[in-house]
Structure formats: C-alpha cells, structure tokens
Amino acid sequence: MIKFLKRKRLVDQGLACGKTRRTHTVNSLFQNMESNGGVRFLVVVGFLCGLGALIFTGDPVEPLKRFLIAILICAVALFHIGIGNTVLSRRNSRLLLFLAIPLAQLAIIKIVLLETLHGRFSPSLAPLLIPYAFASLILSILLGRRVGFQATIYTSLWAMFLTSTPTPPMLLISLVTGAIAVYTTTHLRRRSRFIRAGLYIGIATWILAFLFGEIGPIHFEALAATNWTMVGWQSLAALGVGIGTAIVVSGSLPALEQIFNITTDVSWLEMADLNHALLKRLSIEAPGTYHHSLAVANLSEAAAERVGANATICHVCAYFHDIGKLIKPAYFTENMRPEFNPHDELTPTMSALIIIAHVKEGVDLALKHKLNPLVVDVIRQHHGNSLVSYFYQRALQQQEDARLGGKIMNIRAEDIPDVNESSFRYPGPRVQSKESAIISLADAVESASRAMDRPTPQKIEDMIHTIVESRIVEGQLNDCSLTLKEIWQIADSFQRTLLSMMHSRIAYPKSEDRESATGSTRQSKSAA
C-alpha cells in the first residue's frame, strides 16, 4: 500500500509513468510441489492404493499375491521412467498424469468385469466392451509417443491382475490396440483425426478378437448354427468402443491440458488463427512487422522439421514474437516511411531504449491476452542478451566526435557522458529451447534478407553463415540443446526457404512494348 501511494505521488508529479507492466511470474508453491520428493512419494502411494482397491474388489483369486506382483511391475515402470524420461521423473504433475490415466482405464475394466459377474453383460460381449486404448491415446497425445507406448505396456500388465483368469488374448489385444493408438496419433493435428484413430482401433480390436475366437463362435462348417445376432453385437461393440474411446479422449483433452498445463499440437494449431486480436492489430498498425512474422513462421517451421523440433510450436510462436512493436511501430525499419526516419531526431541511447522495449511490451501484451507461456518465453528470449549494435556504434561515434570537438571548445573529458554497453543490450535471457533458438535465428536472417540488394544464392548463403557464426561466437545458443550439426542444418534450411521465397519473377514487357511488338508483327505480316 505504501509503495502504491509513493508511486501515485510520483505519477502526479510527472516523475514516473502511470503504466504498470505485467511480468511473467511463477507460482513458487506449485514449483516446489513439482519437484518435491515427498509429493512424488504420495503420488506413487496413491496410485498403489487405488490399484490395490481394484485388485481386492470382488472375489479375486490370491489377491495379495496379485497385488505384490503389481507393485513390482510399478517399481519397474518407475525405474524405466527414471532412466528414460526426464520430464516424468522430474515433474510430479506429469508423473501424476502418467499414473492416473492408466488407473482410470483399470477402473473402467473392473466395472465391466463386475457387471459381467453380476449378469448385466454377456460374458461373450464383455471383452469387447473394454476401452483397451484409452490410456495410450491420452498419454501419447499429451506426453508423447514414448510415454504412450510405456503406458500401453504397463496398463496391459496391470489389467491382467483384475481378471479372475488372466488370458493371453486380452493382453495381446491391449498391447496391439495401444500400439496402433500411439501410431495413429503421431502427427495428430486435427480433432477430426480422432475419429479415424478410433476407427482403426475398433477394426484392430475386431480382427484380433476374431482371430482369438472372442467373436462368435462362428461355425464355418455349419454357418446356420452361428449366432449371427451375437456376432453383430460383438462387432458393433468392438467398433463402437474404439470410436467412443476416441470421442471421449477428444472431449477430455481440453480439460486435461488446462489442469496439467500442457498444450497439444491440436491446441497450437487452433492458436495459429490469423484472426487473433493481436495479429489483426499487427496487420493493420504494423503491416511490415506482420509480413515479417509470417516469413519468420515459414522459415522456422521448415527448419524445425529438418532438426526434429516441434514445427507447430515454432510456427505459432513466430506469429507473436514481435507483437511488442505494436506500441511504437513507426520506430522499426519494416514499418518506416521511406522519407522519414524517427530515429534521426533521437539520441542513440533513446533509440536503443525504444528498440529494446519491444520485448518487454511484447511480454506485457502476451500476458494481457493470456497467450501460452511458451509464446511468452519466445518473446523474452528471441533476442537473448545481444547488442543493438547499430545504435551502440552510433553512440560511440558521437562520443568520439564530442571528444574531438571538446578539445576545440575546451570541454573537459569528464563532462562527456560515457557510453554504457549494458544500455544497448537486450535484457535476455538467452534462448532456452530448440524452438526459441530457431525463431531467434530465423528472425535475424529474415530481417537481414530484406536489406539485401539484388540477392543471389551466394549472397544469401554468406549472409546466413555470418549471422549464425556471430550467434555462436557471442554464446547466444549456449543454453539451448541444439548441436552444431543441427545449427548448420537449420542454416541450410533457411537458405533453401529464402531462395524459394525470393525467387526472381519473369520480366513481362510493358504495355507500350507489347503494342510496339504487336505493330511490328502486323507490319511483317502485311509485307509478307
């Protein structure tokens, strides 16, 4: 309250700005819970309690023995996670998701088995009412293919301890349909593709159930003796459960993304809508920056596909990386009028301050419009802590001119202000991820390509190599996981994309040239 009153008094006196800039804050309590060993222990104990309750429910055979084996499988799963997946082993929320979704599938299986035991479901229909690929679908989309396949294996093994007599067909159906679910969601970029994935899962379930004798039985030597009504219901159950599982997963994903702070490729593509309020403002108020952002998006997406980074994230984040220029668009080269440069009327320090401020303004706008945290990170990081070299050199030149003039005017050297390099550096941090690094390089390359006079393939290649080498020497890429091989693959991708974007057009003749050419043709025809 005291700080608020002091600030208000300074604003009233004209000594402070009334604007309060938004900052990207992290909940410290949540951050501590994410890595706390005690919370991780509670998550595992909670899962084992739930699994034990499912195993002991009903009238199982040797439930204690089954529970102990299930605990050993859980220990193997945790060891597998610890050595192979750093995200699951370090973030408790991800571990909770990895264990909670399989537990939900196991609960559904237990309900189906109990209903069958009580006579509500036919024993010949019950195996086809189990959503074998539920956990595989959700975890593959939310946490990646590797986690989805791990969930397929361990959920299939745990499910064996819920049945009265574990059968190999049920294990194989669960493993195969889970693997198909992981495969069909590898490049899932539209929600409509969920139906296709569900259809594939249903067909695979039907085929495997038919091969293992779960469909029918069908008497091929006497087809009339086959209960075709039951075969129809079984087929409908296999296909319906597969498609229904996909529909339920599609509907539950937005809630799970919100709860666990995960963004899938489907959600990223929904954010890529150019009708977003910020992008529409950018196209009207800063058209040069808007077209620059579209070009950076194309460069970044192609480069990300080349090195195995997330191309969708690169594409979307590139759209928003320069939204901070909306505050003072006329001070950036791509939006300037040819006859007027506003920086001519400013000191180099003030010009650099305006240029650097577009990062903070971009973060402020992104937080105001509740953009994804990864977009905010890209905005903060895409310039790293690099130097605004043009205005820095200009400031040094003005300082040198002032010293030379000072000797003539008898001005003391200490009266000439020093040029502080830190005033001309972006606040950072440096790029932390592959996607941020790719966008940072694409931003620099695209900006430099616009300033090229008569670009040729060799000029473009030299320009890209110069920029990439300078970023490496400055250490701007030290904090991301890109290798040198990947960096030069990105440079090669930039070159290919820029060449296709800047290809020369056919020089069509002007109207008067066409008229003269037509006239000469007529004359030659009349002479002939």
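1. Overall composition. Of the 528 residues in the chain, buried residues make up 42%. The model under review is a predicted one. Its secondary structure comes to 22 helices and zero strands. Among the contacts in the chain with a separation of 6 or more, 74% are accounted for by residues 24 or more positions apart.

2. The largest nonpolar core. This core has 63 residues, of which Leu97 and Trp158 touch the most other members. At least two residues of the core are supplied by each of helices H3 (37–56), H4 (63–84), H6 (92–117), H7 (134–143), H8 (145–159), H9 (168–184), H10 (193–211) and H11 (228–260). Apart from this core lies another one, of 54 residues, which includes Cys317, Leu441, Ile460 and Ile490. As a general point, nonpolar side chains in soluble globular proteins tend to be buried together.

3. Tryptophan 158. Which residues does tryptophan 158 touch, not counting residues up to four places away in sequence? They are Phe47, Leu51, Ala70, Ile73, Cys74, Pro102 and Leu106.

4. Helix H6 and the residues after it. H6 has 26 residues, and at 1.5 Å a residue it should span 38 Å; the C-alpha atoms at its ends are 37 Å apart, which agrees. Glycine 119 follows H6 and has a positive phi, near 85°. A salt bridge links glutamate 115 with arginine 120, and their closest N and O atoms are 3.3 Å apart. Glutamate 115 has a relative accessible area of 22% and is therefore partly exposed, since the buried class ends at under 20%. Arginine 120, with a relative accessible area of 55%, is exposed, as the value is over 50%.

5. Aspartate 492 and arginine 496. The whole structure holds 13 salt bridges. One of these salt bridges joins the side chains of aspartate 492 and arginine 496, at 3.0 Å from N to O. Why are aspartate 492 and arginine 496 separated by about one helical turn? The two are four residues apart in helix H21 (residues 484–501), and therefore about one helical turn separates them. An α-helix has 3.6 residues a turn, so residues three or four places apart point the same way. Aspartate 492 counts as partly exposed, at 23% relative accessibility, while arginine 496 counts as exposed, at 57%. Salt bridges with shared partners join Arg306, Asp492 and Arg496 into one network.

6. Threonine 312. This residue has its place in helix H15 (residues 311–320). Is threonine 312 buried or exposed? Its relative accessible area is 5%, so threonine 312 is buried. Not counting residues up to four places away in sequence, threonine 312 touches Arg189, Asp265, Trp268 and Leu269.

7. The second largest pocket. The volume of this pocket is about 1,200 Å³. Its lining consists of 34 residues, and the closest to the centre are Thr333, His383, Tyr390, Tyr426 and Ser447. Two or more lining residues come from each of helices H16 (348–368), H18 (389–409), H19 (434–450) and H20 (457–474). H19 gives the most to this lining, with six residues.

8. The cavities. H11 provides the largest share, four residues.

9. Backbone geometry to note. Most residues other than glycine have a negative phi, and most peptide bonds are trans. Glutamate 62 is not a glycine, yet its phi is positive, at about 50°. This glutamate lies in the loop between H3 and H4, and its side chain meets that of lysine 65 in a salt bridge (4.0 Å, N to O). Asparagine 261 also has a positive phi, near 55°; asparagine 261 is found in the loop between H11 and helix H12 (265–271). At 47% relative accessibility, asparagine 261 counts as partly exposed.

10. A cis peptide bond. Glycine 428 and proline 429 are joined by a cis peptide bond, with omega about 5°. Proline 429 has its place in the loop between H18 and H19.

Definitions and conventions: Residues are numbered from 1 along each chain as its sequence is written. This is a predicted model: local features need pLDDT of at least 70, side-chain atom pairs count only at pLDDT 80 or more; totals for chains, interfaces and linings use all residues. Side-chain values use heavy atoms; hydrogens and water are left out. A nonpolar core is a set of buried Ala, Val, Leu, Ile, Met, Phe, Trp, Tyr and Cys residues joined through side-chain atoms within 4.5 Å. Buried means under 20% relative accessible area, exposed over 50%, partly exposed in between (1.4 Å probe, protein chains only). Contact means heavy atoms within 4.5 Å. The expected span of a helix is 1.5 Å times one less than its number of residues. On a 1 Å grid over the protein atoms alone, a cavity is a set of points where a 1.4 Å probe fits but cannot get out, and a pocket is an open set with protein on both sides within 12 Å along at least five of seven lines; lining residues have an atom within 4 Å of a point. Grid points are joined across faces, edges and corners, and a volume is the space filled by probe spheres set on the points.
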